[in-house]
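Please look over the sequence and the three-dimensional structure shown here, and keep both in view while reading the report that follows.

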Amino acid sequence: MQKHLKRNITAENHLKSVDSDNTYTYQWGGYTTTDFAVDEYGLWLVYGNRSNNCYLVIAKINPDTLNVEHSWATTIRSGSVGNTFMKCGVLYATNSYSETSTYIRYTYDTNTGKQKSLPLNRIPFNQPGTYNTMLDYNPHDGLLYYADDYQGYLATFPIVKSV
């Protein structure tokens with residue numbers, strides 16, 4: 001017998017700089033203006049900042065209150081990114097959502113404040129489908145999770161290279 005747990009929403013927060021009009025999305029659009037991420041350091045929100053020409057912002061979120069503990073403004077526009085994920089406080093951004101042979105094109109290390117635009121194929125990412133709708137890292141198993149909404153692919157990848 002499976003026991004079902006009920007959880008109530010215990011916190012709510014409205015961040016004024018987060019786009020609520022679906023304007024500052026990742027490349028493919030589709031309501032990708034905000035992206036939650038979890039890594040070894042906690043809960044993150046990555047979003048295109050409407051008051052900063054749609055450059056991505058990384059916000060460290062308190063999971064109990066949903067308040068922003070700290071935020072970092074990047075120099076990469078949300079519309080130039082296929083997808084993002086966080087690992088060990090570092091943002092990784094892919095160059096495309098729709099190319100099967102894509103790569104990590106940008107990183108931002110929240111530990112040091114350093115950001116890098118990476119050369120073509122320094123960190124390749126060969127996705128099985130052609131419509132990357134989800135890319136998230138799981139700190140519990142160390143895998144990168146991928147979903148392709150168009151062709152129905154689900155995949156996991158070990159992370160074997162980091163910046």
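## A charge over a ring

In this predicted model, the charged end of Lys60 sits over the ring of Trp44, at 5.7 Å from the ring's centre. A charge is said to sit over a ring if NZ of Lys or CZ of Arg is within 6 Å of the ring centre and within 35 degrees of the ring normal.

## How the model is to be read

Residues are numbered from 1 along each chain as its sequence is written, and side-chain values use heavy atoms, with hydrogens and water left out. Because the model is predicted, local features need pLDDT of at least 70 and side-chain atom pairs count only at pLDDT 80 or more, while totals for chains, interfaces and linings use all residues.

The pLDDT is the predictor's confidence in each residue, on a scale from 0 to 100. The chain averages a pLDDT of 80, and 75% of the residues score at least 70. Confidence is lowest in strand S9 (residues 124-126), with a mean of 77, and highest in S5, at 94. Where pLDDT is low, the predicted coordinates should not be read in detail.

## The chain and its strands

The chain contains 0 helices and 12 strands. These elements are DSSP runs numbered from the N terminus, with helices (H or I) of at least four residues and strands (E) of at least two. Of the 163 residues in the chain, 40% are buried, where buried means under 20% relative accessible area, exposed means over 50%, and partly exposed lies in between (1.4 Å probe, protein chains only).

## An open sheet

Four strands form an open sheet in the order S1-S2-S3-S4, with antiparallel pairing; two strands pair if DSSP finds at least two bridges between them. Strand S1 (34-39) and strand S4 (68-77) stand at the edges with a single partner strand each, so one side of each is left without a neighbour in the sheet. From one strand to the next, the twist averages 20°, where axes are lines fitted to C-alpha atoms (for helices over the stretch in contact) and angles run from 0 to 180 degrees between N-to-C directions.

Within this sheet, strand S2 (residues 42-48) and strand S3 (residues 55-61) pair in the antiparallel sense over 6 bridges, and Leu45 stands opposite Ala59 in S3.

## Two residues of strand S4

Thr74 is in strand S4 and, at 4% relative accessibility, counts as buried.

Trp72 and Ile58 are 14 residues apart in sequence, and their C-alpha atoms are 5.2 Å apart in space.

## Aromatic pairs

A pair of aromatic rings is described by the distance of the centres and the angle of the planes. Rings of Phe, Tyr and Trp (its six-membered ring) pair if their centres lie within 6.5 Å, and planes under 30 degrees apart count as stacked, over 60 as edge-to-face and the rest as tilted. A search of the whole structure finds 3 aromatic pairs. In one of them, the ring centres of Phe85 and Tyr92 are 5.0 Å apart and the planes stand at 10°, so the pair is stacked; both Phe85 and Tyr92 are buried.

Another involves Tyr146 and Phe157, whose ring centres are 6.2 Å apart and whose planes stand at 80°, so this pair is edge-to-face. Tyr146 lies in strand S11 (residues 143-148) and Phe157 in strand S12 (residues 153-158), so the pair ties together parts that are 11 residues apart in sequence. Tyr146 and Phe157 are both buried.

## Residues in the loops

Leu66, in the loop between S3 and S4, has a positive phi of about 65° although it is not a glycine, and at 27% relative accessibility Leu66 counts as partly exposed. Cys88, in the loop between strand S5 (84-87) and strand S6 (90-94), has a positive phi of about 55° and is not a glycine either; its relative accessible area is 28%, so Cys88 is partly exposed.
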